[in-house]
Structure formats: C-alpha cells, structure tokens
Amino acid sequence: MKIISLYLFVIGLFIFSCKEDKKSIETERSITSETLIDSTSVSDLNTTAFDWLLGKWQRTNEQKENSETYEYWEKINDSYQGLGFTLKGNDTIWQEHMQLSKVNNAWQLAIKSPQEEIATLFKNIQLTKEEFTFENPDIEFPNIINYINKGNTFYASVSGSDMNIKFEFKRLQ
C-alpha cells in the first residue's frame with residue numbers, strides 16, 4: 001500500500017512538474033514572439049515599400065515587333081514575387097523570376113531566368129515611396145535596375161557600361 005501511494009505521489013509530482021515546464025515554455029515562447037514582433041517592426045522600417053508594384057502590368061514601349069512583355073507581382077508574407085515574360089504570338093521568347101526580400105535588414109532583388117542555375121543578386125541602394133534602385137557592380141550587365149512609380153504606370157531601366165534600356169509599363173489589374 002505504501003509503495004502504491006509513493007508511486008502515485010511520484011506520478012503526480014511528475015505530471016505537476018511537466019505542467020510547470022510547459023507553462024514556463026509557453027511563457028518563454030510568448031515573450032520571444034512579442035520580442036520578435038517588436039524588433040521586426042523597429043528594424044523592418046518598410047514592409048510595404050513595394051506594394052505599388054503588386055498586380056499585372058504590360059509594357060507599352062515594346063521594342064520587338066509583334067511582341068508583348070508583361071510583369072506580374074504578388075506579395076507573399078513580407079517578400080514580393082515577380083514574373084516577367086515576353087510573348088511573340090503564343091510563344092514565350094523570354095522569361096525571368098524576380099524576388100524582392102529583406103535579408104539582414106536590407107532589401108535584396110534576386111533575378112533568375114529558367115536557363116540559370118542560381119539567381120543573380122542585387123542590393124538596394126535607393127528606396128523611396130515612389131522609386132527604388134538596386135545594384136550589382138560585379139556583373140557585366142545590368143549593373144543597375146531602377147523602377148519609378150507613376151500610379152497606373154511605372155518606368156524601369158536596366159543599365160550598365162554604356163547601355164541603358166528603358167521600359168514603360170501600364171497597370172492591367
């Protein structure tokens with residue numbers, strides 16, 4: 001009988017101590033979550049910086065005859081995913097995937113075409129509510145990518161060395 005009582009006491013103590021640990025862990029998680037939220041809101045000064053880019057866009061200053069170029073942008077959590085492509089008739093003749101994301105408290109632009117194994121990275125050198133510029137001086141072309149918001153139109157350029165290609169897009173949706 002004493003053994004059973006001792007056994008029940010030990011089991012009860014074990015269960016009680018597990019509840020305390022669980023409560024302590026939940027408190028620590030809560031504090032950590034609050035701390036992360038607070039630190040994110042302080043360090044991540046602008047998680048809406050590129051919201052104007054969201055939607056579907058069509059290039060209006062197309063250079064190639066019988067071609068149409070589009071960009072589609074969506075926001076996933078605090079990063080932006082883009083797809084750019086050019087159609088000639090029903091054929092896709094050019095395509096790239098783009099991602100704007102925050103890495104170590106700095107915005108980064110990653111661009112990857114289907115033929116590339118890894119994305120080319122650009123670091124943000126300018127960001128306002130209406131304009132952003134990214135740079136990668138270590139590649140041949142383009143070294144600089146710039147976008148300017150004009151409401152239902154945006155202007156973009158890619159440049160490097162002696163070349164500068166300008167784009168104009170109108171909002172479709």
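The protein has 1 helix and 10 strands, where helices (H or I, at least four residues) and strands (E, at least two) are DSSP runs numbered from the N terminus, and read along the sequence they follow the pattern α-β-β-β-β-β-β-β-β-β-β. Please keep in mind that this is a predicted model, in which local features need pLDDT of at least 70 and side-chain atom pairs count only at pLDDT 80 or more, while totals for chains, interfaces and linings use all residues. Residues are numbered from 1 along each chain as its sequence is written, and side-chain values use heavy atoms, with hydrogens and water left out.

Of the 173 residues, 28% count as buried, a word that here means under 20% relative accessible area, with exposed meaning over 50% and partly exposed in between (1.4 Å probe, protein chains only).

Let me turn to the largest pocket. A pocket is found on a 1 Å grid over the protein atoms alone, as an open set of points where a 1.4 Å probe fits, with protein on both sides within 12 Å along at least five of seven lines, and lining residues have an atom within 4 Å of a point. About 760 Å³ of space lies in the largest pocket, a volume being the space filled by probe spheres set on the points, which are joined across faces, edges and corners. Its lining has 33 residues, and Trp94, Glu96, Pro142, Val158 and Phe167 lie nearest the centre. Several strands each supply at least two lining residues, among them β3 (79-88) and β10 (163-171), but β2 gives the most, with 4 residues.

What does Lys75 meet in a salt bridge? The side chain of Lys75 meets that of Asp51, at 3.1 Å from N to O, and the term asks for a side-chain nitrogen of Lys or Arg within 4 Å of a carboxyl oxygen of Asp or Glu. Lys75 lies in strand β2 and Asp51 in the loop between α1 (2-43) and β1 (55-59), so the pair ties together parts that are 24 residues apart in sequence. Lys75 is partly exposed, with a relative accessible area of 30%, and Asp51 is partly exposed as well, at 29%.

Finally, consider Thr86, which lies in strand β3. Is Thr86 buried or exposed? Thr86 is buried, with a relative accessible area of 5%, and, leaving aside residues up to four places away in sequence, Thr86 touches Glu62, Ser67, Glu68, Thr69, Asp91, Thr92, Ile93 and Trp94, where contact means heavy atoms within 4.5 Å.
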